[in-house]
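Me: I've got a model open and would like to walk through it piece by piece. Can we do it as quick questions and answers?

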Amino acid sequence: MAYFSRIWITLFTAILFIGLFATHAYADIKLEYHYKFIGLKNCKMCHSKDKLGNQYGIWSKTKHAQAYKVLASSQALKYAAALGVKDPQKSDRCLVCHTTGFKAPKKIRKKINDSDGITCERCHGAGSLYAQKMKQIAKERLSNPKGDSKTAETTRLIKPTKETCLQCHVREVVIDGTTYINPAYKEFNFDESIKKVSHRRK
Ligand code: HEC
Ligand code: HEC
Ligand code: HEC
Ligand code: HEC
């Protein structure tokens, strides 16, 4: 619990708020960060336990965990060359969909390592507030397994949906007026894709 009093102090504002209007080929996103990211390690701390469903273990075997590393592959360099990008691991034009906390202010993304790729907080939102309330969220969930936890909502724990995927699995995305092209675009089928990354508790 000492750990938590530490994040409590750094809690302030902080959230990733994304307004999104997406079709399969195109997304228009406004990035707004208010809450702080607490970093992959701090989700792993609890969510690598089998009792909780080991979401960390499952995630680490998905391509999302490799999303930064893949930017060093020879295929990545080919895509990059075609778009006039020199180093994909250093270019916003690739990092935007291959990392977490894109363009978030420094003090909010201190705990993010680009090398971790697309982490929990990219889909579920920055955790500084909701991670404080996990006990309460768990209680509400367990007493009402089918329902939503009110606390999850009020602490901005995002329940990702198809729309979350369509922030990246699109041909191109426009963020605050800048267009980013996905050179590896493949038709996205949510029902098929979710099976490959799902970490629902059995
Ligand atoms: C102190 C331990 C702890 C930490 C740290 C923690 N969680 Fe949790 N989390 C839990 C517990 C316990 C539950 C409830 C599990 C259940 O539903 O059986 C939970 C539930 C969740 C849920 C499901 C909520 C719902 O309403 O369905 C999500 C999503 C989640 N955590 C994501 C995260 C993410 C992302 C992080 C890191 C930013 C994180 N958690 C950090 C313990 C933790
Ligand atoms: C709009 C979001 C987006 C942008 C911008 C983006 N990517 Fe990706 N990238 C993706 C998605 C989504 C996938 C997974 C594709 C799939 O399998 O459906 C992917 C997969 C890849 C892969 C692995 C699959 C393959 O075809 O080899 C490479 C390599 C890659 N991207 C390189 C890049 C490079 C280099 C850039 C920058 C020039 C870039 N990406 C920019 C979203 C993006
Ligand atoms: C690519 C987006 C994405 C990433 C990355 C991601 N999640 Fe999730 N998460 C989802 C979706 C979608 C669901 C809804 C249930 C499912 O998995 O099918 C979910 C559900 C959950 C749940 C609820 C599971 C249940 O049984 O109700 C927990 C807990 C959770 N995620 C924790 C995590 C943790 C911890 C990480 C990082 C190690 C993580 N997630 C990474 C998208 C993501
Ligand atoms: C932040 C951008 C982003 C988000 C959000 C995202 N993805 Fe991805 N996804 C990627 C990238 C980039 C890759 C390719 C990584 C690699 O090849 O190393 C990928 C790869 C995948 C793959 C592997 C594709 C293959 O051909 O093997 C699946 C499946 C997938 N994502 C499903 C999902 C689902 C389902 C969601 C929503 C719950 C989601 N993704 C959300 C960027 C994203």
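Me: Before we go on, which pLDDT do side-chain atom pairs need to count?
Reply: Residues are numbered from 1 along each chain as its sequence is written, while chains are lettered from A and ligands numbered from 1 in the order in which they are written. This is a predicted model: totals for chains, interfaces and linings use all residues, local features need pLDDT of at least 70, and side-chain atom pairs count only at pLDDT 80 or more.

Me: Back to Asn54: is it buried, exposed or partly exposed?
Reply: Its backbone has a positive phi of about 40 degrees, though Asn54 is not a glycine. For burial, count other C-beta atoms (placed from the backbone) within 10 Å of the residue's own: 20 or more is buried, 12 or fewer is exposed, anything in between is partly exposed. Asn54 has 16 such neighbours, so it counts as partly exposed.

Me: How many C-beta atoms sit within 10 Å of Arg156?
Reply: Arg156 is in the loop between α8 (150-154) and α9, and it also takes a positive phi, about 65 degrees, without being a glycine. It is classed as partly exposed because the count of other C-beta atoms within 10 Å is 19.

Me: How is the whole protein built, and what percentage of its residues is buried?
Reply: There are 10 helices and 4 strands. From the N terminus the order is α-β-β-α-α-α-α-α-α-α-α-β-β-α. Of the 202 residues, the buried share is 30%.

Me: Which strand pairs with β3?
Reply: Strands pair if DSSP finds at least two bridges between them. β3 (residues 172-175) has 4 bridges to an antiparallel partner, residues 178-181. Within the pair, Glu172 stands opposite Ile181. The partner is β4.

Me: Which residue in that hairpin takes a positive phi?
Reply: The hairpin of β3 and β4 leaves 2 residues between the strands. The phi in question is near 45 degrees, and it belongs to Asp176.

Me: Which residues does Val174 touch, leaving out those up to four places away in sequence?
Reply: Val174 sits in strand β3, and its C-alpha is 8.4 Å from that of Lys30, 144 residues away along the chain. A contact means that two C-beta atoms, placed from the backbone, lie within 7 Å. With that cut-off, the partners are Asp28 and Thr179.

Me: Is His64 buried or exposed?
Reply: His64 is in the loop between α3 and α4 (74-82), and its C-alpha is 7.9 Å from that of His98. It touches Trp59, Gly117, Ile118 and Val197, not counting residues up to four places away in sequence. It has 21 C-beta neighbours inside 10 Å, so His64 is buried.

Me: How many residues does the largest nonpolar core have?
Reply: A nonpolar core is a set of buried Ala, Val, Leu, Ile, Met, Phe, Trp, Tyr and Cys residues joined through C-beta atoms within 7 Å. In the largest one, Phe37, Ile108, Ala126 and Tyr130 have the most contacts. A second, separate core of 8 residues includes Ile29, Cys168, Val170 and Tyr180. The largest core's size is 22 residues.

Me: Which element gives the most to the shell around ligand 1?
Reply: A residue belongs to a shell if its C-beta, placed from the backbone, lies within 6 Å of the molecule. That gives 19 residues for ligand 1, the closest being Cys43, Cys46, Cys120, Gly127 and Ala138. The top contributor, with 5 residues, is α2.

Me: Which element leads in the shell around ligand 4?
Reply: The closest of its 20 residues are Gln66, Val70, Cys165, Cys168 and Lys196. By class, the shell has 10 nonpolar, 7 polar and 3 charged residues. The most, 4 residues, come from α10.

Methods. Nonpolar A, V, L, I, M, F, W, Y, C, P; charged D, E, K, R; others polar.
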